[in-house]
Amino acid sequence: ILNSIASVPGFLTFGVPKAQTKNFVPRIGFAYSPGTDGKTSIRAGFGMAYDVLFDNIGILSLPPQLSTTADVTNITGTPINSNFLANGGIKPNTTVSSALTAAQARANTAAYVPDQKLPYSIQWNLGVQHVFANNYTFEARYLGTRGIHLNVQTRINKRTVVTPTNSLPTYLSQPSEATLNSLPLTLNGPGGLASISNIVPAFAANGFTNGAFVVDAPIGWSTYHGLALQLNRRFSNGLQFQSAYTWSHLIDNSTADFFTTYLTPRRPQDFQNLSADRSTSALDRRHRFTFAAYYESSWFNHSNWVAKNLLGNWTFSPIYTYESPEYATVQSATDSNLNGDSAADRTIINPAGQDGTGSGVKALTNAAGYTVAYLATNPNARYIKAGSGAFANGGRNTLPGRPIDNVDLNLLKNFSYGERYKLQFAGTLFNLFNHAQFIPGFPGRVDNPNVLNTGGAIRNYLTPGNAHFNDPEYVFSSNPRNIQVSVKLIF
């Protein structure tokens, strides 16, 4: 409401955002066991759940009245010296917050807080579980989830200058000079693409011209469908195990709304066309298989104390995990579409190019010296960098990383003395076979965020034409074998 002077009735009004007050969250489920043996169960359910909005969305959405500074470089023509603070520093009447005109407030507005729309999910599931051979349980489940009103960071007053019909071409082979001279568009010539304003005309007409006018808008969505199969063996004769396989597909138009990853930019490529960002999500893992077992040895259980404690009393707990790779967004690392934001600009896809390869480009000029096109330095590449003014036709999350293919092992050795005392030695080997896995995380855990190198290295990894493009060893750790040992006295 501090920025109400910037309001334009009928276009954009600054006031107190309205809180959402009616959040209907029904849930229903059932379980049914056909027959009389009680070995089969059929379960299904439907539910809704609301999420929250991060506190720093509001903290980062300050009006100009709270974010404009008063910069004092001299006082009545005299350079600032050690007497500046002694003379009162910046005087109260120097503040600019109360002096902004409506035009100044609009030009300095860098954020807008819409009425609250909490993100929510809709889930539905159906599963069948059956017990057989006494010790085994098999279950097949289908799970669907829909995310609605997900938070997306966007710049509502910016548009892309470059379109499929208003862009500079990119060639796979050198065109003739006559061809270059006949091209109608230039990047830097009179009336060239770089001279066209990227401010949406309606916002420009009303004075909202700040290049970083950010809005966290509830316009994102996601859709998940998954088939999960699970086989369990209950503990019997010293052995139990659980194996599970999931096939799933997660599609969304946004994943990260803050700067939490380079692999998938947090803002859309085209602020006015979020539908163009619909793709496989960065969180998608198409296939995941796990096998976890627990085995207590029965060796020498009935032998003397020495044999039982030196040769027996072992416990083995292996875990095997295979998981499809995370997909990343190949980026041109330049403001290709000239909308003022280079982070999300993608690349040109060459359908005939070799998978996983990338190419830089060389600017081509006409007889007047103006850039009119680009030439791929590697015409056989799959991903070609989109130069400034070129149209990037690539989608989000098209570059697969490396899969997880990992074995962990936990070993326990117990030494017992009577029924009360036990000395336990334990060893846990993460990545038992030291299998190099250059992935953004840890193969033996699911609760870790991306573990990445510096931001510059990641951009090189994602930028076609760079020497380290699609080179995971340059960015990620190999997740080498890690061994933890412990000793525990139990009494």
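Which strands each supply at least two residues of the lining of the second largest pocket? In this predicted model, they are strand 5 (120–132), strand 6 (136–155) and strand 9 (239–252). Strand 6 gives the most, with four residues.

The second largest pocket holds about 450 Å³ of space. Its lining is made up of 21 residues, and those closest to the centre are Asp 51, Pro 119, Leu 150, Asn 151 and Thr 255. By residue class, the lining comprises 10 nonpolar, eight polar and three charged residues.

A further feature is an open sheet of three strands with mixed pairing, arranged in the order 14-18-15. Strand 14 (348–349) and strand 15 (354–359) are the edge strands, each pairing on one side only. Strands of a sheet pair through backbone hydrogen bonds, either parallel or antiparallel. Strand 15 and strand 18 (residues 381–384) run parallel and are joined by three bridges. Gln 354 has Ala 381 in strand 18 as its bridge partner.

The backbone also deserves attention. Most residues other than glycine have a negative phi. Leu 338 has a positive value, and Asn 470 likewise has a positive value.

Definitions and conventions:
Residues numbered from 1 in each chain as written. Predicted model: local features only at pLDDT ≥ 70, side-chain atom pairs only at ≥ 80, totals over all residues. Heavy atoms only, no water. 1 Å grid on protein atoms, 1.4 Å probe; cavity = no way out; pocket = protein on both sides within 12 Å on 5 of 7 lines; lining within 4 Å. Points joined across faces, edges and corners; volume = space filled by probe spheres on them. Nonpolar A, V, L, I, M, F, W, Y, C, P; charged D, E, K, R; others polar. Pairing = 2+ DSSP bridges.
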